[in-house]
Amino acid sequence: SNMSNPVATFDTSMGSFEAEIFLDQMPYTASNFVGLANDGFFDGLHMHRVIDNFMLQFGCPHSKDPKSRRSGTGGPAPKSTFKNLATGETESRLGDGSIKDEMTVKISNEPGTLS
């Protein structure tokens, strides 16, 4: 593919890290993530689930309050839209704010990966 993959920078209270977003392999899912990031959706959120040596989970808007009991239950606005960076088309999220599954390639959840 001739698409270059974007790199996301995550700035946390414990430091920063970067992650390559596989736009070339998962264009729909990657475009959704990039759209949310560019819209500031993730700004100020806390990692609402941390399991040492296993995983970090974030992305819930309720986690802006780190003590919220609703952390982990929210997401993007229902039927909100984002630009598909591979096709240029406007895509709509589902009625609960999620996106359709994109299992076009086998990418495992190895340590250090986003899913």
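Mentor: In this predicted model, ring pairs join Phe10, Phe17, Phe33, Phe41, Phe42 and Phe58 into a cluster. The count of aromatic pairs comes to 7.

Take the pair of phenylalanine 10 and phenylalanine 33. Their ring centres are 6.2 Å apart and their planes meet at 35°, so the pair is tilted: stacked would need planes under 30 degrees apart, and edge-to-face over 60. Phenylalanine 10 belongs to strand S1 (residues 7–12) and phenylalanine 33 to helix H1 (residues 27–38), so this pair ties together parts 23 residues apart in sequence. Buried means under 20% relative accessible area. Phenylalanine 10 has 10% relative accessibility and therefore counts as buried. Phenylalanine 33, at 17%, also counts as buried.

Phenylalanine 10 has another partner, phenylalanine 58. Here the ring centres are 5.7 Å apart and the planes lie at 85°, so the pair is edge-to-face. Phenylalanine 10 is in strand S1, while phenylalanine 58 is in the loop between strand S4 (55–57) and strand S5 (81–83), so the pair ties together parts that are 48 residues apart in sequence. Phenylalanine 58 has a relative accessible area of 29% and is partly exposed.

One more ring contact involves a charge. Lysine 100 lies over the face of tyrosine 28, at 4.8 Å from the ring centre.

Key:
Residues numbered from 1 in each chain as written. Predicted model: local features only at pLDDT ≥ 70, side-chain atom pairs only at ≥ 80, totals over all residues. Heavy atoms only, no water. Phe/Tyr/Trp six-rings, centres within 6.5 Å; stacked < 30°, edge-to-face > 60°. Helix = DSSP H or I, 4+ residues; strand = E, 2+ residues; numbered from the N terminus. Buried < 20%, exposed > 50% of the residue type's maximum accessible area, 1.4 Å probe, protein only. Lys NZ or Arg CZ within 6 Å of the ring centre and 35° of its normal.
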